[in-house]
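Dear colleague,

Please find below the structure I promised to pass on, followed by my notes on what was found in it.

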Amino acid sequence: MLNETYLYFSNTVHYILFLHIFLATVSRLKKKLNDLELRETEEINQLELERSLLNAEFDSETQKISKAKMKIALLRHKETRLSGFYEELQKEFRKKLNEAQSRISTIQEALERSPENNVQLLHEQLEIERKKFEDMEFNQMEEVKIIYGIWFIGFIYKLNIYFQI
């Protein structure tokens, strides 16, 4: 009986020791599993945060592109209007130039047909008309430079603002 009690006690101690080791292992594995789940949750949260930030940045850039496209369309429209305005100025200037050339031609023809006493007067008129013609040409070139200069400066300024250069 002592032997049986010893065996029973020995088996019970081994069994309790086995259970204790088994429970410690299960506890350790459970803690590792909890740690892994916690780390997984943290990484998922981090990825969701990064995705949110990237989506916000993408939306912001998309809005900037959309605004830039609208501004470009507006600038093209303004350019078209200015081109039309410039063409009208060109037509008006050509008309004035043709009129001035016609007056010069008329005076030259009159000068060629005129007697000596009118020659001096016609010569003076011819010089006056030539001077007016040259002034008109010069003023037209200056107007064109100013118009395109103002337009170009405005265009560059707006590009800088729109694209924040």
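**Second largest pocket**

The residues lining the second largest pocket divide into 5 nonpolar, 2 polar and 3 charged (Ala, Val, Leu, Ile, Met, Phe, Trp, Tyr, Cys and Pro count as nonpolar, Asp, Glu, Lys and Arg as charged, and the others, Gly among them, as polar). This is a predicted model, in which local features need pLDDT of at least 70 and side-chain atom pairs count only at pLDDT 80 or more, while totals for chains, interfaces and linings use all residues. Residues are numbered from 1 along each chain as its sequence is written, and side-chain values use heavy atoms, with hydrogens and water left out.

A pocket here is an open set of points on a 1 Å grid over the protein atoms alone where a 1.4 Å probe fits, with protein on both sides within 12 Å along at least five of seven lines, and lining residues have an atom within 4 Å of a point. Of the 10 lining residues, Glu-92, Phe-93, Lys-96, Gln-140 and Glu-143 lie nearest the centre of the pocket. Helix 1 (2-113) and helix 2 (116-163) each supply at least two residues of this lining, helices being DSSP runs (H or I) of at least four residues, numbered from the N terminus.

**Salt bridges**

The whole structure holds 4 salt bridges (a side-chain nitrogen of Lys or Arg within 4 Å of a carboxyl oxygen of Asp or Glu). One of them joins Lys-31 and Asp-35 at 3.5 Å, N to O, and these residues, 4 apart in helix 1, are separated by about one helical turn. In helix 2, Asp-135 and Lys-131 are likewise 4 residues apart, and their closest N and O atoms are 3.1 Å apart.

Best wishes
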